[in-house]
Amino acid sequence: MKRGEGLLVVDVGTTKISALIGEEREGKLWATGLGVSPSQGLKRGCIINIEEATQSIKNAIDKALNQAKVEPTFVYTSIAGNHIKTYYGMGVIALRDKEVTPQDVEEVLKSAQTVDLPPNKLIIHVIPQEFVVDQNKGILHPVGMVGVRLEAHVQLITAERAHIQNLIKCFENLGLEVDGVIFQGLASAEAVLTPEEKELGVLLIDLGGGTSDLVIYKENVLRYAASLPLGGELLTGDLAICLRTTRAEAERIKIEKGVCLRELVNEEDFVEVPGIGHRPSTKISKKIVAEILEERVKELLTLIEAEIDKFSNTYFISGAVLTGGTSLIPGLIYLTDQILDLPARIGYPERLPGLTEEIYHPQFATAVGMLLYAYNNLIQGLEKAPKKKGFIEKLKELLKI
Ligand SMILES: Nc1ncnc2c1ncn2[C@@H]1O[C@H](COP(=O)(O)OP(=O)(O)OP(=O)(O)O)[C@@H](O)[C@H]1O
Ligand SMILES: [Mg+2]
């Protein structure tokens, strides 16, 4: 990245859109602009109203660009939802020069993508699991190795074509061309996992508002990815129904007083619950609130257990890392330990220079991870002109309408 170039990442979450701008300063990635806007037009990770989603994305981007004051050269956005699936792929080529070159690796990875996928699926990430040079297995970096045959085994992370198209359309509406779409779970993993965890084996759970993204790493390689259409909004919904109050009040009670373990609460503690319409407010034991949340969190963890059971028989995982806004609910670490039988911790994103404190929160794990992932893996060596000159001005014009 050159001086004055901006890397814009936009995490399109179910409850909020986070736009984050990265710049390179003294050979390091800095976070220099942040814009957050409540999400409209999204459900369980997917866009259901293009106009509303476009407006929310625009609000977030505008704030971030106003703060960073750069024109974005690269633009990446994110995707999640239960249409995210992983497929196995295998490719093989003959080595012309009897030694593996970077072009050979590119070619064999391309050949590994020729899988018979359903027509509505698009590949968003190709994750090499291992390369085999002649009879030599388990190779992660094959370049320079001598042999006559190169084989690649990969995991393909796919998303549904229509969901990607809807997402990209929102950016097109704003005159922005998207350079790539990143799976939210992969991005969060990039921001919160340590190299030791990735090596030993770890389950990352990004508990957001509408989705729970799952990623498993083992021996430094992403081995599995999924996205369940369940998140913190379900907890809020349960509270609203059971306490007979509005979603807004239920959300406030959840965040200010909610815990998901009844043992953590005193029998004598009460919360004031405003009634709907002009009904009087009532006092409800905090224990009841905890019981409602505990039941739903247990159910969520049981579904996660069923999902990872498909995988974890083959690999030993040594722990779990919880991130995303819902990871902050007290009691969750204990329940994860109980149900998944994995020691858990909360994942805060890596501290980047610049807006260090502003983005040091589990809710920004995905946005920070997108910045890191794009900077380290996607844009290195790419030369591009800044996106659409005068984009900030154009946005301002649009906002006036
Ligand atoms: N302190 C807290 N305790 C419990 N829940 C919280 C807390 N803070 C935030 N949340 C919940 O976190 C959720 C939002 O998390 P996050 O911002 O990670 O989601 P998102 O990225 O918008 O959605 P998704 O990734 O699922 O599409 C909301 O449901 C919110 O109620
Ligand atoms: Mg999220």
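## Salt bridges and a nonpolar patch

Tyrosine 88 is partly exposed, with a relative accessible area of 49%; here buried means under 20%, exposed over 50%, and partly exposed in between (1.4 Å probe, protein chains only). This is a predicted model, where local features need pLDDT of at least 70 and side-chain atom pairs count only at pLDDT 80 or more, while totals for chains, interfaces and linings use all residues. Residues are numbered from 1 along each chain as its sequence is written, chains are lettered from A and ligands numbered from 1 in the order in which they are written, and side-chain values use heavy atoms, with hydrogens and water left out.

Back to Tyr88: it sits in strand E7 (residues 85–94), with helices (H or I, at least four residues) and strands (E, at least two) taken as DSSP runs numbered from the N terminus. Together with Met90 and Val92, Tyr88 makes a nonpolar surface patch of about 280 Å². Patch members need over 30% relative accessible area and no salt bridge; like charges are joined within 9 Å and nonpolar side chains (Val, Leu, Ile, Met, Phe, Trp, Tyr) within 5 Å. The areas themselves come from the Shrake-Rupley method with a 1.4 Å probe, and for residues only the protein chains shown count as cover.

Now for the charges. A salt bridge is a side-chain nitrogen of Lys or Arg within 4 Å of a carboxyl oxygen of Asp or Glu, and by that rule the model has 19 salt bridges. Three of them look like this:

| Arg223 | Glu219 | 3.3 Å |

What does the bridge between arginine 262 and glutamate 295 link? It ties together distant parts of the chain, 33 residues apart: Arg262 is in the loop between helix H7 (247–257) and strand E15 (270–273), and Glu295 is in helix H8 (residues 286–312). Both ends are partly exposed, Arg262 at 25% and Glu295 at 45%.

Lys298 is partly exposed at 29%, but Glu294 is buried at 4%. Salt bridges with shared partners then join Arg262, Glu291, Glu294, Glu295 and Lys298 into one network.
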